[in-house]
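Subject: A structure to look through, with notes

Dear colleague,

I am passing on a structure for you to look through, and my notes on it follow just below. Please keep the structure open beside the text as you read, so that each residue can be found as it comes up.

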Amino acid sequence: MNLLSKDPVLAKLSLKNPIHFLALGFGSGLVAKAPGTFGTLAAIPVFLLMAPLSLPWYIALTVISVLAGFYICDKASKDMGVHDHGAIVWDEIAGLLITMIAAPAGWQWLAIGFLLFRLFDILKPWPIRWLDAKVHGGFGIMIDDVLAGIFAMLCLQGLAYYLA
């Protein structure tokens, strides 16, 4: 059983290219099944590195990851010749970072944030699904995950408020 995708369009990308490396979530997007979930898993070490930062620094780096994502995702998409290929998972990394803004410390909160983000990213409630279908380019690739991250963050904050 081969865990990596055999999609021939992926041959147009190289993990040696820093933009492709980031777009592919450090290689996690190359997994054949559920690359979005594996991309979100790849975001966990990034989150853990950022978690000790003060809130303003965490938010600043998260905003930078989103803004950079517009270019990263657009470039990888154009290099592949495919809009929003499943292997492009930088948007999932940015989405989890958004979800975890000001989240309580602890693995249980990270797990809940992960599950909430995946839920919103997969179900794509309005307006996420509409934006995903109508907006293209790097912004289009990123915006549905940005909104899924915001929805998940709001739910996570609500849970933290009511459970604390």
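In what order do the elements of the protein run from the N terminus on? They run α-α-α-α-α-α-α, and the secondary structure comes to 7 helices and 0 strands. Please bear in mind from the start that this is a predicted model.

**Overall form**

The C-alpha atoms of the protein fill a box of roughly 50 × 35 × 30 Å when it is taken along the principal axes. For 164 residues, a compact globule would have a radius of gyration near 15 Å, and because the protein has 15 Å, the value agrees with that expectation. Buried residues make up 47% of the 164 residues, and the accessible surface comes to about 8500 Å², of which 74% belongs to carbon and sulfur atoms. Among the contacts with a separation of 6 or more, 72% are accounted for by residues 24 or more positions apart.

**What the UniProt record says**

The UniProt entry, which is unreviewed, carries the annotation "domain: YutG/PgpA" over residues 22-159. In the model, that stretch of chain is 73% helix and 0% strand, with its end C-alpha atoms 31 Å apart. UniProt also places the feature "transmembrane region", again from an unreviewed entry, at residues 21-49, 55-73, 93-117 and 137-163. Two of these spans can be set against the model: residues 21-49 are 62% helix and 0% strand, with end C-alpha atoms that lie 18 Å apart, while residues 55-73 are 100% helix and 0% strand, with end C-alpha atoms that lie 26 Å apart.

Together with Leu-53, Trp-57 and Leu-61, Ile-64 makes a nonpolar surface patch of about 400 Å².

Side chains of opposite charge can pair when their charged atoms come close. Asp-74 forms a salt bridge with Lys-78, in which the closest N and O atoms are 3.1 Å apart. Because Asp-74 and Lys-78 are 4 residues apart in helix 3, they are separated by about one helical turn. Lys-78 has a relative accessibility of 61%, and therefore counts as exposed, given that the cut-off for exposed is over 50%.

A second salt bridge joins Lys-75 to Asp-79, with the closest N and O atoms 3.0 Å apart, and these two residues also both lie in helix 3, 4 residues or about one turn of the helix from each other. Are the members of this pair to be called buried, partly exposed or exposed? Lys-75, at 30% relative accessibility, counts as partly exposed, and Asp-79, with a relative accessible area of 24%, is partly exposed as well.

The structure holds 5 salt bridges, and one of them is formed where the side chains of Arg-118 and Asp-121 meet, at 2.6 Å from N to O. Both residues lie in helix 5, which covers residues 107-123, and they are 3 residues apart, about one turn of the helix. Arg-118 and Asp-121 are both buried. Salt bridges that share partners join Arg-118, Asp-121, Lys-124 and Asp-144 into one network.

Which residues does Thr-99 contact, leaving aside its neighbours within four places in sequence? It is in contact with Gly-113, Phe-117, Gly-149, Ala-152, Met-153 and Leu-156. Thr-99 lies in helix 4, which covers residues 90-99, and its relative accessibility is 0%, so it counts as buried.

Lys-134, by contrast, is exposed, with a relative accessible area of 53%. Lys-134 is found in helix 6, which covers residues 128-134, and its C-alpha atom is separated by 30 Å from that of Gly-158, which is 24 residues away along the chain.

With kind regards

Definitions and conventions:
Residues numbered from 1 in each chain as written. Predicted model: local features only at pLDDT ≥ 70, side-chain atom pairs only at ≥ 80, totals over all residues. Heavy atoms only, no water. Patch = residues over 30% accessible without salt bridge, like charges linked within 9 Å, V, L, I, M, F, W, Y side chains within 5 Å. Areas by Shrake-Rupley, 256 points an atom, 1.4 Å probe, with all protein chains shown as cover. Salt bridge = Lys/Arg side-chain N within 4 Å of Asp/Glu carboxyl O. UniProt positions renumbered as here; feature names shortened; annotations may be inferred. Rg over C-alpha atoms; globule rule 2.2 N^0.38 Å. Buried < 20%, exposed > 50% of the residue type's maximum accessible area, 1.4 Å probe, protein only. Contact = heavy atoms within 4.5 Å.
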